[in-house]
Amino acid sequence: MHLSGYLPGSCTANMSTYRIDRRDFVKVVTAFLGAVMTAIIGLPAIGYLVSPAVRSKETDAWIPLGPLADYPVGGTPTIFSFTRTVLNGWEKTVNSYKVFVVRPDNDRLLVLSNVCTHLSCLVSWHPDIQHYVSPCHDGHFDLVGRVLRGPPPRPLDEYTTKVENGELSILFPPIKRGN
Ligand code: FES
């Protein structure tokens, strides 16, 4: 008697346990499918949003400076200004640059950066002394950018140039020169 009274209750308990397990199974499957769907839909979207931040910046570019004939030969550099837009992730920055186009004679052409090689102050040409002068620590450079005095450790940086059909272009960024 004791045993037959016990078994039905035991059976009910097992059926109840089975129902809970099935619910849990359905929950797990639903959660799994949800995660898969989220991954399928979400990953491309995340990639789209994140890719600009990890995309490498393209910095090398030829900058047109116009006809070479516009730059006089002689002992005075000609200033040319341009801007470059840099994408850094989602940040867009427009930077301004100035260069000195120097044609000491008909055979030589240099395009120099106006950024001092000491601590990056901007140099300017002083025709009275025929020097570029950095205002911060009195660094001096000659017409072709060589250090004359002061703390600059090396000449003004120089751009690679090309002339095609009489048009002058420079390759950005400039290159460092040794003394
Ligand atoms: S930054 Fe030009 S001399 Fe110091």
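Which residues touch the most other members of the largest nonpolar core? They are V99, F100, V101, V111, L112 and I170, in a core of 15 residues.

## Model and confidence

This is a predicted model. The mean pLDDT of the protein chain is 84. Of its residues, 77% reach 70 or more.

The start of the chain needs care. Over residues 1-13, pLDDT stays under 50. The model has zero contacts beyond four places in sequence for this stretch. Where pLDDT is low, the predicted coordinates should not be read in detail.

Strand 3 gives the most, with four residues.

F100 is one of the core residues that touch the most other members. What is F100 in contact with, once its neighbours within four places in sequence are left aside? The partners are P77, I79, L112, N114 and W125. L112 also belongs to the group that touches the most other core members.

## Strands 2, 3 and 4

Strand 3 pairs with strand 2 and with strand 4. With strand 2 (residues 78-88), the pairing is antiparallel and runs over eleven bridges. L87 has K92, in strand 3, as its bridge partner.

The hairpin of strand 2 and strand 3 has two residues between the strands. There, G89 takes a positive phi near 65 degrees.

How many bridges link strand 3 and strand 4? There are four, and the sense is again antiparallel.

A four-stranded open sheet has the order 5-6-7-8, with antiparallel pairing. Which strands lie at its edges? Strand 5 (124-126) and strand 8 (147-149) do, and each pairs on one side only. Neighbouring strands of this sheet are turned by 40 degrees against each other on average, direction ignored.

Within the sheet, strand 6 (residues 131-134) and strand 7 (residues 139-141) run antiparallel. Three bridges join them. V133 has H140 of strand 7 as its bridge partner.

Technical notes: Residues numbered from 1 in each chain as written. Predicted model: local features only at pLDDT ≥ 70, side-chain atom pairs only at ≥ 80, totals over all residues. Core = buried A, V, L, I, M, F, W, Y, C linked by C-beta atoms within 7 Å. Buried ≥ 20, exposed ≤ 12 C-beta atoms within 10 Å, placed from the backbone. Contact = placed C-beta atoms within 7 Å. pLDDT = per-residue confidence, 0-100. Pairing = 2+ DSSP bridges. Axes fitted to C-alpha atoms, helices over the stretch in contact; angles between N-to-C directions.
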